[in-house]
Amino acid sequence: MVTRVKHSVVQFAHPFTLPGIEGTLPPGEYSVDEDDELIDGVLTVSYRRVATYVTVPARNITSSKRQVFAIDYGDLSAALERDREPRNSLPS
């Protein structure tokens, strides 16, 4: 099976959470890799996403500088949408 990896960087303006990753992640840029497999038997070249990974800064001294987590692409999309929503302003 033919596989390709797409690399991108997403940016969060606010702290956020993702299912499968403990705690709240700080705002910033995050590396995302998507593994896609070629779909056999179609007339045009088509791929389907089979895995999505996000790289986050390590949060303890005993681990490496970065950690990679397998996540659901839909969860990442939802977190990015929430990050873009207007925030309630504090009363003055």
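Phenylalanine 12 and phenylalanine 16 are both buried, buried meaning under 20% relative accessible area with a 1.4 Å probe and protein chains only. The rings of these two residues have their centres 3.6 Å apart and their planes at 10 degrees, so the pair is stacked; rings of Phe, Tyr and Trp (its six-membered ring) pair if their centres lie within 6.5 Å, with planes under 30 degrees apart counted as stacked, over 60 as edge-to-face and the rest as tilted. The model is predicted, with local features requiring pLDDT of at least 70 and side-chain atom pairs counted only at pLDDT 80 or more, whereas totals for chains, interfaces and linings use all residues. Residues are numbered from 1 along each chain as its sequence is written, and side-chain values use heavy atoms, without hydrogens and water.

Phenylalanine 12 also pairs with tyrosine 30, the ring centres being 6.1 Å apart and the planes at 80 degrees, so this pair is edge-to-face. It links distant parts of the chain, with phenylalanine 12 in strand β1 and tyrosine 30 in strand β2, 18 residues apart; strands (E, at least two residues) and helices (H or I, at least four) are DSSP runs numbered from the N terminus. Tyrosine 30 is buried, at a relative accessible area of 3%, and ring pairs join Phe12, Phe16 and Tyr30 into a cluster.

In helix α1, which covers residues 73-84, the buried residues are Leu76, Ala79, Leu80 and Asp83. Seen down the helix axis, these residues fall within an arc of 100 degrees, so they line one face of α1, the arc being that of the directions from the axis to the C-beta atoms. They pack against β1 (3-12), β2 (28-38) and β4 (66-71), contact meaning heavy atoms within 4.5 Å.

Key. The expected span of a helix is 1.5 Å times one less than its number of residues. Buried means under 20% relative accessible area, exposed over 50%, partly exposed in between (1.4 Å probe, protein chains only).
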